[in-house]
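This report goes through the chains of one model, the contact between them, and a few single residues. The sequence and structure come first.

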Amino acid sequence: MELALVIQKFILVIVIFAVSLLVAMYSTWAERKVAAFLQDRVGPNRAGPGGILQPLADGIKMFTKEEIIPLDSNKFLFIAGPSLAILTACIGSAVIPWSTPLTIGSKTIPLQVTDINVGILYIFGVVSLGVYGILIGGWASNNKYSLMGAIRAASQNISYEIAMGLSIIALLMSTGSLSLKVIVEQQSGFWAHGWFTWNAFQQPLGFLIFLVCAFAETNRTPFDLPECETELIGGYHTEYSSMKLGFYLFAEYINMFVSSAVMASLYFGGYNFPFMHHLGLDANWLSILGIVAMLLKTFFFIFLFMWVRWTVPRFRYDQLMDLGWKVLIPLSIVNIVLTGIWITVKDIYFK
Amino acid sequence: MGISLFYLVAFLSIFFSLLVIFSKNPVHSVLYLIITFFTFTIHYIILNAQFLAVVNFIVYMGAIMVLFLFVLMLLNLNRQSEPAKPLLLKLTAVIAGMCLLVTLAGSVKALHTSNPVLLHHPNLGLVQNLGRVLFSEFLLPFEISSILLLTAMVGAVLLAKKDETQPEA
């Protein structure tokens, strides 16, 4: 591995890291603005024009608050919990292809940190690791409400991971690859062979199941049972204060950003946009427009997360489990069977 | 570079698996076990078995160990509530452990690396090659085990389902 490649990847990692932190920061602002819009209020409007400096003010507040570690807690694990939460949130974006490679001089620079051939499974691994941050933090707090929240988070994540995995299997059957780069490349353009190329139009049921599971995996309303404040005070982060609490809240927004990006690239064509091959632009411009398209799709999904949060009320815990095990898992198995039948029929009659 | 990395990771595996046994708190034990599994994942990556590495990561670290941790947190084990084991049980455990040690030592002694498969097929662990082998040579066992897993999952849902016909006691 030569030095140039290392530097190139290093810069890419830093940029993606900075962008995801920035997006997460402004998601907190956007969430309040969206909430205000949906409830016919004004929202934050004091810090800067339109409240644009609000996230900075929040950040300063979080950093300067008193840091409290409960006496009966396990100190090491108490600190390890939020660190793990934010770590797992940040490493998920490594396999997402942000656009087609840029060509500068004779060098091509892929806008993806790494293209491992099991990219989707890597994301699953990171998602399943994410629950440890909550579980360890909740247990180390030595508080009943925290423990309840942590246990709810663990069982919710495990239950919805199954449905999520099964919905992905149907997608993999039609794409035939585990690499995110290949999956996005297959969705090139918007319309080909008399049908949409984007996977959402080939796997509508699979996409719906994946979307619901993504809401559950990021602990967003209507599935925010782990931090359900009417029953559990603050859930797993009841005992947390200062920036450690900030890390937990921030991790949720980064998770939202990463899962929006994953949904955009798996089901909505990633960096591909309609008529991209008819504009007559050269590859570099297409690449830059691709980044814009990718980010727009991602922002749309982040908006969807917020939209649903202020529209749908929270589920009851048994309803959550019923939905996961008795509705989503059978539906995704049906989806696999239907996809199998469709692929067979297409192979036999439409070749 | 490769072999020194292997020795480092192997040392870490053994170190953390020893900590699993020697730590007093069961929750700490499970956390050390998770780290041990993580070092196994690194071993698989060193062997270029990406698929196996990721599956080990998801299944063992992500699912099974979460359940372990889950159960231990609910049980809330500590020394006061732990009943003292009878002497006979302790003795049996020691003898059984010694037997396992002797067997392991014997089999390690009989080991020899005459035919390292990986040297002939360095890309054996990539998902494409693995899939080709599974769907050609081992198709029947693969399908049967997948049906078995599916049955187990459906069975779990069915067991958890409340019996509607019987009135609640």
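What percentage of the 169 residues of chain B count as buried? The share is 20%. The model is a predicted one, and the values below are computed from it.

**Chain B**

Chain B contains seven helices and zero strands. Read from the N terminus, its elements run α-α-α-α-α-α-α. Among the contacts in chain B that join residues at least 6 apart in sequence, 54% are between residues at least 24 apart.

Four residues of domain 1 of chain B are in contact with five residues of domain 2 of chain B. On the domain 1 side, Asn48(B), Gln50(B) and Phe51(B) lose the most area to domain 2 of chain B, and together they account for 88% of what that side buries. By class, the side of domain 1 of chain B that touches domain 2 has two nonpolar residues, two polar residues and no charged residues.

**The two interfaces**

The size of an interface is often given as the accessible area lost when the parts come together.

| Chain A and chain B | about 2,300 Å² | 82% | zero | two |

**Chain A against chain B**

How many residues does the contact take from chain A and from chain B? Chain A gives 29 residues and chain B gives 26 residues. The elements of chain A that give two or more residues to the side touching chain B are helix 4 (119–140), helix 5 (144–175) and helix 12 (317–349). Helix 4 of chain A gives the most to that side, with twelve residues. Sorted by class, the residues on the side of chain A that touches chain B are 23 nonpolar, five polar and one charged.

**Two single residues**

Val13(A) lies in helix 1 (residues 3–38) of chain A. Its relative accessible area is 39%, so Val13(A) is classed as partly exposed. Val13(A) and Leu304(A) are 291 residues apart in sequence, and their C-alpha atoms are 27 Å apart in space.

Is Ser29(B) buried or exposed? Ser29(B) counts as buried because its relative accessibility is 13%, and the cut-off for buried is under 20%. Ser29(B) belongs to helix 2 (residues 26–46) of chain B. Leaving aside residues up to four places away in sequence, Ser29(B) touches Val20(B) and Ser23(B).

Definitions and conventions: Residues numbered from 1 in each chain as written. Chains lettered and ligands numbered in written order. Predicted model: local features only at pLDDT ≥ 70, side-chain atom pairs only at ≥ 80, totals over all residues. Heavy atoms only, no water. Contact = heavy atoms within 4.5 Å. Buried area = accessible area lost by both parts, 1.4 Å probe. Salt bridge = Lys/Arg side-chain N within 4 Å of Asp/Glu carboxyl O. Polar contact = N/O pair within 3.5 Å; in protein donor to acceptor, adjacent residues only side chain to side chain. Helix = DSSP H or I, 4+ residues; strand = E, 2+ residues; numbered from the N terminus. Nonpolar A, V, L, I, M, F, W, Y, C, P; charged D, E, K, R; others polar. Buried < 20%, exposed > 50% of the residue type's maximum accessible area, 1.4 Å probe, protein only.
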